[in-house]
Structure formats: C-alpha cells, structure tokens
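Please keep the structure in view while reading.

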Amino acid sequence: MTLSLRQLEVHVGPRRLLGPLDLELVPGQCLGVVGESGSGKSLAALSLLGLLPAGLRATGALAHDGADTALTSRMHAALRGRALGWVPQDPLAALHPLRTVGAQMRETLRAYGHADADARDLLERVQLSHPAAALKRFPHQFSGGQRQRIAIALALCSRPRYLIADEPTSALDARIAREVLDLLDALRREDGLGLMLISHDLPLVGAYAEHVLVLRRGDLVERGATRDVFADPQHAYTRELIAADALPFVGGSSGVGGPSGPSSSAIMGQELGPEGPPTRAVPLLRAEAMRMQYPRAPTPALDDVSLTLHRGEGLALLGESGSGKSTLGRAVLRLLRGAQGRVWLDDVELTALKGAALRAMRKRIGVVFQDPYASLDPRMRVAEIVSEPLRIHGIGDAASRLAKAGELLTAVGLDPDMAMRYPHQFSGGQRQRIAIARALACDPELLVCDEAVSALDAHHRREILALLATLKRERGLALLFVTHDLAAAAAVAERIAVLEAGRIVEIGDAAEVLRNPRHAHTRALVAARFGIGLAAATGDRRNARSPDRIRASCAPREGQ
Amino acid sequence: MARACLLFLGGLALLCWLGPLCIAFDPHRPDWQALSVAPGVGGHWFGTDAIGRDVFARTLAGGRLSLTVGFLASLVALGVGLGFGASAGLAGGWAERLMLRVLDMFSALPFLLIVILLLTLFERSLWLLLVAIGGYVWIDLARVMRAESARLREMPFMLAATAAGASFGQRLRWHALPNLLPLAFVYLGLILPQAILVESFLGFLGLSVDEPSASWGTLLSEGVQELDSAPWTLLFPAAFLVATLAAFQFLGDALRDWLDVHAVPRTDVERESAAA
C-alpha cells in the first residue's frame, strides 16, 4: 500500500537538474521535502504528478501497490488521477476565477463518477465555514486561508490516497499557515492520507513530517526520520537550515553571525544589551497621525498611526499581511499617493516638500524592497544599479561612481569584479545584497526595509539579517524594518511595533514584546512563530500544534 | 513559418531595390509599340499596361515606395506611440487618465476621413503622407505601451528609483524606455503591415504619390480601370501586396508567441527550469 519512486532523475537536455532520488509515500504518514528555491523540490513533485514543463524529462521507476508503472505512461496518468491529489502553492492562481467553487468541484467529482452532493461534504471536511453557501461563491470572495482550504477540497474530489502539497503555506501568514497545516495533518491522521509536504522551511516541516528529505541544487543531502535529522544532522547544510530559524537579538552580545543554540530557545532566553536605544531631543524620523484609505476598501489601511525613530535605532513594524505595515512604510517614504499625516526627517517636514526639494531629501533615506527579482532593473548592469542614486543626484563623474559602486559591493559582501554583470546572473540573496548596496549609495541616515528578507530562504535570510545588523552598527544607520517575521524583527530591531488592522496595538522593547506580549494579537503571532521551531527541536509534536491556544487568543478573526 | 516569412520579406525587399538594375524596362517610360501586352510576350514578364509600361518594373517600383513609406510611417508611429504611452503609464494618476482620454478621442475620430481631407486640402508631400499614416497607426501602439509602462511603474525597481529621488524624466529615460524598447520593436512588426495597407488605400484613392511615381495602391487603382482589357495590370501588384501583408501577418503571430514565451518567469519551477 505504498507509492514508491526509485532513481528519479530530471534532465533538461544533457544536464541533470535533480536526482538520483528515492522517495516513498505511505498512507497515514507525512514525508517532508525541504530545500531552498532551485533545489529541485518542486521538480520532484511535478515528476510524480507527470506535470513537468515541456523540455524537462523525468526517468525513474514508479511502483504502486507492488505494480510497476513507467513514468509519463498512460498508467501513470491514470494513477495520478485516482491516487494523487495536488495542493498548489498559490490557490488564487490554481482556482478558476470565473467559475463558482461548486462548479469547479463538480467537474472533478463527475469525472470520477462521484455524486455532486459530495462537494458540500468535502468543504465541511476541510472546515470551511458555511459550505453550502461557499459552493455558490467565486474564488476571489474568499480569504487566502479559505482559498487554500478550497484547493485542498478540490484535490480531495478524486478521493486520492496521497496528497502532494507544494509550499502550501508560503503565500499565507504564519497563523493561517498553521491552521492549513493542521488541517492537512488531520486529514493524514483521520483519513489515512499519505502526505508529501514540500517547503523551504525545515523547522516547519519538522513539526509535521515523520521523514524528511533535504535537497540542495538537485542533490539529496540528507534523509531520515525527522527526530534523527533534528537530533543529529549529518550534513552542514541541514545544520544551517535548522539553525537558520534561530536568530538572536540585535542587542545580544553574540551577534547574528555567531553560533546559536537549538532553535528558538536562544531567542527566548537572551537579554537585550544594557545600553537601551539612544534617546535624543530631536528624533531622526517622526510620523504623526498617518492615515490611508485605499479606494473602495471597507476599512482604512492606516488609522491614525504615529511613530518616532532615533538615530542608529532599529524599529520593526510587525504584522500580518493586511495589517498596514507596508502601507505605513511607504507612506513614511512618501511613495504612496493619498496618504495623510505629517512626516519629519530631522526637523524637515517631508510631507510639506514637493518636487526637487523632496527628491533632494530622498538622498538621506535608503530603501530595500521585498522581491529581490523585481527590485533590480533587468536591463542594467550591477554597477549602474548600485550607483544609480549617485547619478540621480549628480554626485561625482562616471569613473568615481564606478569606483564607489565597487566599494559598496565590497561593503555588502560581494565581489566588486561582479559589477559588470546583469542581475539575472545572481541568486536571490546576492540580489538583495545588491539592493542594499544601492540603498547605501548616498550614505543615508535611515534605511527602510520593506519585507526585505521574507522572499529569501532560511540560509540567505540569516545572512542578510546579519549584514543589516552589521551595517546598522558600523554606519550608525537607523532602521525601519517592516516584516511579518518575529525572529527577523528581533534580529535587527531594538523596538517592535505590532500592527493590526491599520493601528499599532503594541509597541515596546523587542525582548519585552516577545517574552511578555501584552496584546492578544501579539501573543498569537508569537505562538504561531515560535511554537513550531521549539517543538521541532525538542521532538514534541503535540506542543508544536496547539491550535486551541492560538484560536483562543484570536477568536474574533474567525468570521472574516 | 516565421523564418520563411522573414526570408520572403527580405527577398522581396532585395528584389524591389536590386531588381530594377537587372531589367531592361523603365517603369515610367511608355512603349507605344507594346500596349497592353500579355505576360511573357516580348520580354515583358508581367505584361504591359494600357500605355505600354512594363508591369514588372512598375510593381517593383511600387513595392519600393510602399515599403519605404510603410516603414518610415511606422517609425514615426513608434516614436510618438512609445513616447506618449510610456509617459502616460509612468505618470499615473490624473495625467494618465487625461492622456488616455486623448487616445480615446483619437480613436473616436473618423481618422481616414480626416487624412483624406488633409491630403486633399494641402499640397501633398512625403512628410504629410508619413504624418497622416503614422497618425493612423500610432494609437494602438500607444495603448500597449501605456499598459506595459503602468506595469513597470509599480515594479519595485521603479519604486526604488523614485525612493532614491529620481525625477520623472530620469525614470522615463533610464528605466521605462529601455524596458519598453524590445516590446516596441516587436510591435513594429505588427504595425508595419497596417501602415502599408493604409498607404495602399490612400494610393487607391489617388491620394498617395503622383504620377508617374507609383505605389502598390496607385497600381491597383490603375489596374481596376483596365480590368477588362488587361487584367494582369491588377493581378500582379495585388498578388505582391497580398503576399506581403500575409507574410507580415504570420510574422506578427510568431512575434506574439515569442512575447508570450519570454514573459518573466515567476514560479519556482519556472525559475528552476529557466536556470537550466
């Protein structure tokens, strides 16, 4: 009763992208497949599903219930319909936007000869509220977490024995992600589904999977029972993935780059350094009564938010997607049309400036955005990108700007010889370094990072956070760090402001907020983030999933 | 298919420009001894027209003019459409809405009617013709460029430039135009046949170039008048025009497919396979 795939290899032309890899799916068990982007983890899933993009070729031996099936044969096609279900990464892209949920589910149900009425039961099974009404609604009328539940229900329509979930939660914020994973886990336990959970987050997978495979650049670097892998990782890369979840405080003496203990115990235990945030009469950045109402949105994205930031200080704006944290970041930068409120940099009121005067002030603020792939102009060389702010403000000539670009690249840990390359020749982490180098070009006093590490895998996230902490210390930069990740916030910021629904619900010392969260919403965030890593490290799976605790603390959000 | 079309169009251009060097007949000089001669007789491959001019030579001369005017007019449209569309998309807000309304206004005008009026009222010149045809085909191009530019406006690298203090002109020159240019050149292949068609239409109405010069359009209108006595005077220029437009059409389809494939890869798998 198992599905096994032996000697899987994926080639494009003569080049091998993945393998050789053996994997086995067992009903009622969860297999975790972990790796950074480009490691081939999605290729493994798509080979199993027979959905590889054109030009890629999979070879291997597939056996189901003792019977051999050739990959990409007709038998494979029949198998993947009846035995395999697929839960996509982005449910919005996977659901048909113009057809109701019911119509989409009936299509699959009929193809497999099941009754139309099953659709409602399946939606109930995935714990979607008001299943009967949901059948008549369209995908865009649901939230991200609800859409992922619908996608799971859709995968269950063919009554599969195995579910393949490819990064099912990376588009969701931490708390919703936990709920979706708990649902998948319940399906595994109660219905005996075999689960293949693909993720870049090893501690997350560790909390749910019995066995894990760790992939890197198409090679299998580690496999084994989850408990063993966490207790005694054999490969350096695995150790890095496990450790990457643990980010000590910026105030702590060990620094981000230093050795860290197992998972979050390091975070919870460490003290903020004795020197508190420097206080001065005039703060570097002051924002008052910031408001933003997007057109046709029912509630304001920002509702009377004020904040101050001192020189050399790190302030994290923490919140889930939709909490208004990015809106606040952009409003402060004056990159948002229609934002209200007043912003001062030093004693200059930014919100009173226009045109050339405003552009000149922008020298003093650097910005790093989330997506390292989209934040660099693909048609520019790295040297041009990094020195663009200098060119904008007419600082120096071409030769001196090129020299400065080299210096900046060195400062962010890149080889200055790479200056003549184009962005597509770099990895995500390297690109984010380039973006940071550009932000530093005019020697700003303030660096605004808008989810600057959330698109990166654990390894690169750790490196970039270390770099930011170093730059902050050495250059005396003030840091406004917008993030949904508590650990990342704690790694670079002395103070944390927690946002919910456009308001700051809690603000204070980073260590204090994490250790002793006062607001219910903060408590839920802390539980969702640190429960997983803690449990994975200790092997305590019960503790890892404590949805009751989380739900109890944030019950009012259920109806959304 | 696309390659065959390109070869055909290249060959046609070569024929139009180099062909006249190899044939003995002047496209403009009548031969009173050979009026309306059928194709193949007396060395006239495509025959002659009512006043004895060689149809093959005239077809090549017409092609030279049609292709040149079409190409130049497309370049005019490309420049105007790219500049207008890129600015509108990058500006956003009320400026973009205003510029879009201007485009709507141009679309709503019976443009051919205005072109015909212009060409009738004013002294006809190549420049006026280019402006007239370019003005007809630039609108679609401007819309496409506007949409793409609006997408670029929201790209993080554009936000980063704004945040670094770049002015509108700097963002337009350094980021918007370089990123739009490849798309604009692909669209050149799509508006060229339109320009050629409009030129032929005007030529057919006698509003393009004056006698004795000829474009495919003027040849068609002459040919229609001789349809009874010498059908080949219509047939050959028409065949050239149709073949050219068809080749451009297939080429345009291939270009569109190419554009679809070369969209930015987004998902993990696409990146993995693109990296290979």
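Two strands are taken to pair if DSSP finds at least two bridges between them. The model is predicted, and in it strand 14 (residues 340-345) and strand 15 of chain A meet that condition, pairing in the antiparallel sense over two bridges, with A:Trp344 standing opposite A:Glu349 in strand 15 of chain A.

**The sheet in chain A**
- The pair belongs to an open sheet of four strands in chain A, which has the order 12-11-14-15 and antiparallel pairing.
- Strand 12 (302-309) and strand 15 (348-349) of chain A stand at the edges with a single partner strand each, so one side of each has no neighbour in the sheet.
- Helix 13 (residues 325-332) of chain A lies across strand 11 (285-292), strand 12 and strand 14 of chain A, and runs at about 120° to strand 11 of chain A.

**Helix 17 of chain A**
- The twelve residues of helix 17 (residues 428-439) of chain A should span 16 Å at 1.5 Å a residue, which agrees with the 17 Å between its end C-alpha atoms.
- Helix 17 of chain A is mostly covered, with twelve of its twelve residues buried, among them A:Arg431, A:Ile434 and A:Arg438.
- The cover over these buried residues includes helix 15 (382-392), helix 16 (398-411) and helix 18 (458-475) of chain A, together with helix 6 of chain B.

**The contact between the chains**
- The contact takes 32 residues from chain A and 24 residues from chain B.
- On the side of chain B that touches chain A, helix 6 (156-163), helix 7 (168-204) and helix 10 (268-275) of chain B each supply at least two residues, and helix 6 of chain B gives the most, with seven residues.
- The residues on that side of chain B divide into 13 nonpolar, eight polar and three charged.

Note on methods. Residues are numbered from 1 along each chain as its sequence is written. Chains are lettered from A and ligands numbered from 1 in the order in which they are written. This is a predicted model: local features need pLDDT of at least 70, side-chain atom pairs count only at pLDDT 80 or more; totals for chains, interfaces and linings use all residues. Two residues are in contact if their C-beta atoms, placed from the backbone, lie within 7 Å. Ala, Val, Leu, Ile, Met, Phe, Trp, Tyr, Cys and Pro count as nonpolar, Asp, Glu, Lys and Arg as charged, and the others, Gly among them, as polar. Axes are lines fitted to C-alpha atoms, for helices over the stretch in contact, and angles run from 0 to 180 degrees between N-to-C directions. The expected span of a helix is 1.5 Å times one less than its number of residues. A residue is buried if 20 or more other C-beta atoms lie within 10 Å of its own, exposed if 12 or fewer, and partly exposed in between; C-beta atoms are placed from the backbone.
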